[in-house]
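These are my notebook entries on a single protein chain. I record what I looked up, entry by entry.

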Amino acid sequence: MNFISNLNQKFSTVVDEVHFLNMKLRLLTLFLFSSTLVALAQTKVSGYVFDEKEEPVPFANVVFKGSTEGTITNEEGRFYLESDETWETLVVSFVGFETLEIPLDKRVNYNLRFVLKEEASSLDEVVITTGKQSKKASENPAIRILKKIWERKRKNGLNQFKQYEYDQYEKVEFDLNTIDSALIKSKLFKGMEFVFDKVDTSSVTGKTYLPIFLNESVKKVYGDNEINEKREDLIGNKNSGFSNNQVIIDFIDDLYSDYNVYDNYLKFFDKSFVSPIGRTGIQTYNYVLSDSAYIDNKWCYNIIYYPRRKNELTFKGDFWVNDSTYAIKEINLQASKSANINWVKEIYIEQEFEVLNDSVFLIKRDYFLSDFALNKKETSRGVYGKRTTLYDNYKFNEPKDKKFYDKVVYNYDADVYNREDDFWENNRLEALNKDEKGVYKMLDTLKTVKKFKRLYNLGSILASGYVEFPSINFDYGPIFSTFGFNEVEGVRLRTGGRTYFGPNDLWRLEGFLAYGFGDDKFKYGISGKWLLDKKSRFIIFGGNRRDIEQIGASLTSSTDVLGRSLASSAVFTAGANDRLTNINLTNLGFSLEPLRNFEIRLDGTFRQLRSASPTFSLDYIDPESPTGISSEVNQFESRLSLSYFPKRLMTGFGVERKNKNDDFATLFAQVTRGDRNWFNSDFDYTKVQFSYIQPWQVGGFGRLVTSVEAGKTFGEVPLALLSVVPGNQTFFSIYNTFSQLDWYEFVTDTYTSLHVEHNFNGRLFSRIPFLKKYNLRAIASIRGVWGELSDENIALSTTGNPVEFPLVAPDSRVYYEYSFGVANIFKILRIDFNFRGNYLDNPDARRFGITGSFGFYF
């Protein structure tokens with residue numbers, strides 16, 4: 001039997017789709033440029049491998065005879081292979097079949113078809129495993145080697161050193177692929193035909209591609225395993241035509257996050273793939289000991305692996321492992337075609353490890369290719385995302401003070417993003433090829449083309465929601481808030497904008513003007529913020545807003561002057577959306593970040609609150625009023641807020657920053673003091689609130705999100721100042737709300753709530769035969785709240801107004817509801833089926849409801 005012994009194994013085209021519409025559309029605009037050219041390799045061959053029953057043979061070995069250059073067929077039996085050298089014979093083999101040798105008469109041979117015959121002499125000796133495989137090391141030598149890898153896991157790589165540091169060079173490229181003459185001649189590219197001069201052919205998939213974006217970075221990385229700290233210093237960054245576009249750079253960083261093949265799960269595109277090297281791999285993959293050979297004077301074993309089941313987040317490929325240290329020398333991973341991931345047609349990974357001495361293997365090169373596309377057709381156009389990372393100049397056991405790892409870069413260093421050519425010539429660990437060099441020139445030329453500018457601006461508007469006017473440093477928007485509707489305002493139109501000199505502005509002003517055709521009234525809001533000290537992130541802020549809002553949409557009150565809940569403008573609702581409030585809010589305060597990801601905020605707010613609807617009352621008993629009843633609350637509040645975001649990563653250096661990741665916890669505590677002695681306020685009270693939101697990646701079982709909220713108000717306050725359990729009468733699935741509760745159905749002055757939601761990411765549906773082909777994802781959720789309301793506060797808001805409703809708290813038992821959802825319908829739609837658990841005797845209680853949401857997720 002002939003097996004593949006390939007040092008740089010390349011895999012055939014696999015179809016497994018994804019589009020990254022959630023990525024910023026600025027980058028998407030660029031992905032519309034590319035074309036085809038003649039291949040540069042000396043030998044190219046593609047085709048299919050079948051057995052005598054016309055069934056595809058997956059994971060068959062395909063190799064140029066006399067070489068170590070080869071590949072493995074995909075689940076459909078398809079392969080693609082190319083070489084810079086000329087080869088005359090192709091060898092196709094698989095366990096239990098006769099080896100097939102095919103002469104290659106031409107340099108380029110596409111869509112060949114091979115049939116393997118069963119090997120009669122081995123029928124009694126070989127069992128081809130397509131399902132479960134023996135886990136016993138005594139029965140499978142590959143499993144015996146795998147267990148040795150687990151034993152030595154923490155003794156290999158950087159883990160065996162107390163401290164480490166190294167140089168890192170990273171190159172990220174995006175290419176438009178599968179280009180044909182129709183695309184080249186289309187009106188879209190008229191006047192921009194020159195972009196097709198740099199077309200090449202992928203050595204992995206055999207598709208033509210055109211490089212359209214290139215980003216390079218040089219970093220110095222430090223780490224300490226004893227205190228579990230790591231620091232990265234960015235020395236230089238360069239990208240083609242967009243040196244100041246931090247959005248693109250951050251998207252790339254998040255898209256291609258770091259991973260360790262020794263871990264049980266590898267996270268890509270917010271999904272956890274089962275690692276073939278991890279302990280969980282034995283439950284997911286079949287392993288075959290394929291070959292052994294010397295690599296860099298080290299004897300290594302070659303193991304081929306492939307998934308047992310379809311529709312799971314798995315890979316196929318092979319790896320070389322040293323026979324004494326059991327360290328990985330090389331590994332190739334190619335995502336299974338049936339993996340439940342959207343918008344990504346293919347994922348291919350290569351890692352090479354360097355031998356420093358007899359016992360030290362360290363990563364030397366990491367190559368990651370993903371093919372983003374809208375559908376799974378092999379001929380469909382897509383965008384390659386390619387990341388190449390190289391490591392060099394390792395140093396070990398040179399300890400540094402713990403304060404060294406606490407350093408935060410506070411200033412935007414323009415020099416880092418504008419290094420001269422000499423810097424890159426000296427610091428690149430891998431030279432650019434001619435096509436990559438051409439990307440910089442091409443993008444510089446494109447920026448001068450008016451048609452491209454229009455396309456780029458359109459993508460920018462859709463991505464940010466703002467229309468840019470750079471000549472006056474002003475952005476108009478957000479355009480997605482232009483239209484709204486509720487029972488009071490009727491149709492609502494909104495216009496607004498913000499100052500914008502650049503992403504790292506030290507100050508920013510923004511505002512809006514809105515008009516409701518139903519109440520015939522204008523609303524407005526204006527706010528400003530100024531970053532006074534970058535090191536402590538000392539910011540002063542303030543603003544004023546007059547508007548109509550649904551203030552019963554969240555338990556933890558917002559401190560955003562211009563913030564407005566979705567419930568305030570929901571076009572369609574279950575029942576009337578008329579319990580709205582006229583709000584006049586003025587806010588002034590400051591915030592600072594004395595420690596990384598720990599924020600302190602102190603502010604003062606004056607609010608005037610009154611009902612916006614004749615069918616809703618905020619009246620309360622007021623002995624000082626001539627009528628004994630007041631309809632408006634005038635209240636000053638001082639607020640101290642503490643927020644902590646462990647493991648949060650931020651981008652930007654200005655007054656506004658953006659989150660780079662979403663897998664961090666959020667802890668929030670707030671004390672609010674209402675004082676009658678300020679601005680003729682109406683009430684004295686103290687409100688204490690706490691919330692904790694935690695996402696959990698549960699290995700291959702998906703993502704769990706939990707949140708806990710608690711609060712208490714000390715003192716007597718009317719309905720307008722109480723804590724309303726957030727109902728949800730919209731038809732959207734909104735986290736941290738109760739889908740089967742109406743707004744103001746439960747009102748509290750003391751509360752505790754819990755929300756638990758788990759997305760199984762296809763883990764359940766992939767086990768159901770008639771459902772697994774649809775790549776659906778199951779979601780389960782349960783949420784509950786307990787609260788109470790004092791008799792004094794009930795009496796304070798009981799005035800006899802005919803539109804009053806009884807104030808009720810869930811104090812006799814915990815109110816709960818649960819839901820079962822199906823996500824990834826048509827890749828973008830999620831539907832939740834919500835069930836009310838108790839309090840079914842409440843007036844107009846909604847026992848069952850359906851909500852949904854749209855989104856672009858991998």
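**Entry 1: helix H7.** I began with helix H7, residues 450-464, which has 15 residues. From its first C-alpha to its last I find a reach of 21 Å, close to the 21 Å expected at 1.5 Å a residue; the expected span is 1.5 Å times one less than the number of residues. I take helices (H or I, at least four residues) and strands (E, at least two) as DSSP runs, numbered from the N terminus.

Which residues of H7 are buried? I list Phe452, Leu455, Tyr456, Gly459 and Ser460. Buried means under 20% relative accessible area, exposed over 50% and partly exposed in between, with a 1.4 Å probe and protein chains only. Seen down the axis of H7, the buried residues fall within an arc of 140 degrees, so they line one face of the helix. The arc is that of the directions from the helix axis to the C-beta atoms. I note the background: an α-helix has 3.6 residues a turn, so residues three or four places apart point the same way. Lys450 and Arg454, on the other side of H7, are exposed. Gly465 follows H7 and has a positive phi, near 85 degrees.

**Entry 2: basis of the values.** I note that the model is predicted, that local features need pLDDT of at least 70 and side-chain atom pairs count only at pLDDT 80 or more, while totals for chains, interfaces and linings use all residues. Residues are numbered from 1 along each chain as its sequence is written, and side-chain values use heavy atoms, with hydrogens and water left out.

**Entry 3: the chain as a whole.** I count eight helices and 44 strands in the protein chain. Of its 858 residues, 54% count as buried. Among contacts with a separation of 6 or more, 66% join residues 24 or more positions apart; contact means heavy atoms within 4.5 Å.

**Entry 4: helix H2.** In H2, residues 141-151, I find Ala142, Ile143, Ile145, Leu146, Ile149 and Trp150 buried. These residues cover an arc of only 160 degrees around the axis, which puts them on the same side of H2. What do the buried residues of H2 pack against? I find strands E14 (285-295), E15 (298-307), E16 (315-322) and E17 (328-335). At the N-terminal end, Asn140 caps H2, with a side-chain oxygen 2.9 Å from the backbone nitrogen of Ala142.

Entry 5: E32 (residues 632-644) and E35 (residues 666-674) pair in the antiparallel sense over eight bridges. Two strands pair if DSSP finds at least two bridges between them. Glu637 has Gly674 in E35 as its bridge partner. E35 also pairs with E36 (residues 685-697) in the antiparallel sense, over nine bridges. Here Phe668 has Ser691 in E36 as its bridge partner.

In the loop between E35 and E36 I found Phe679. Its phi is positive, about 55 degrees, although Phe679 is not a glycine. Phe679 is exposed, with a relative accessible area of 53%.

**Entry 6: Asn634.** Asn634 lies in E32 and is buried, at 16% relative accessible area. Its side chain makes a polar contact with the side chain of Glu632 at 3.5 Å. A polar contact is a pair of N or O atoms within 3.5 Å; within protein, one must be able to donate a hydrogen and the other to accept it, and residues adjacent in sequence count only if both atoms are side-chain atoms. Asn634 and Asn680 are 46 residues apart along the chain, with their C-alpha atoms separated by 7.5 Å.

Entry 7: Asn486 is in E23, residues 483-486, and is buried, with a relative accessible area of 1%. Its side chain reaches two backbone nitrogens, that of Val488 at 3.0 Å and that of Glu489 at 2.6 Å.

Asn793 is in helix H8, residues 791-796, and is buried, with a relative accessible area of 1%. Asn793 and Val717 are 76 residues apart in sequence and 6.0 Å apart in space, C-alpha to C-alpha.

**Entry 8: backbone.** The peptide bond from Gly477 to Pro478 is cis, with omega near 0 degrees. I place Pro478 in the loop between E22 (474-476) and E23.
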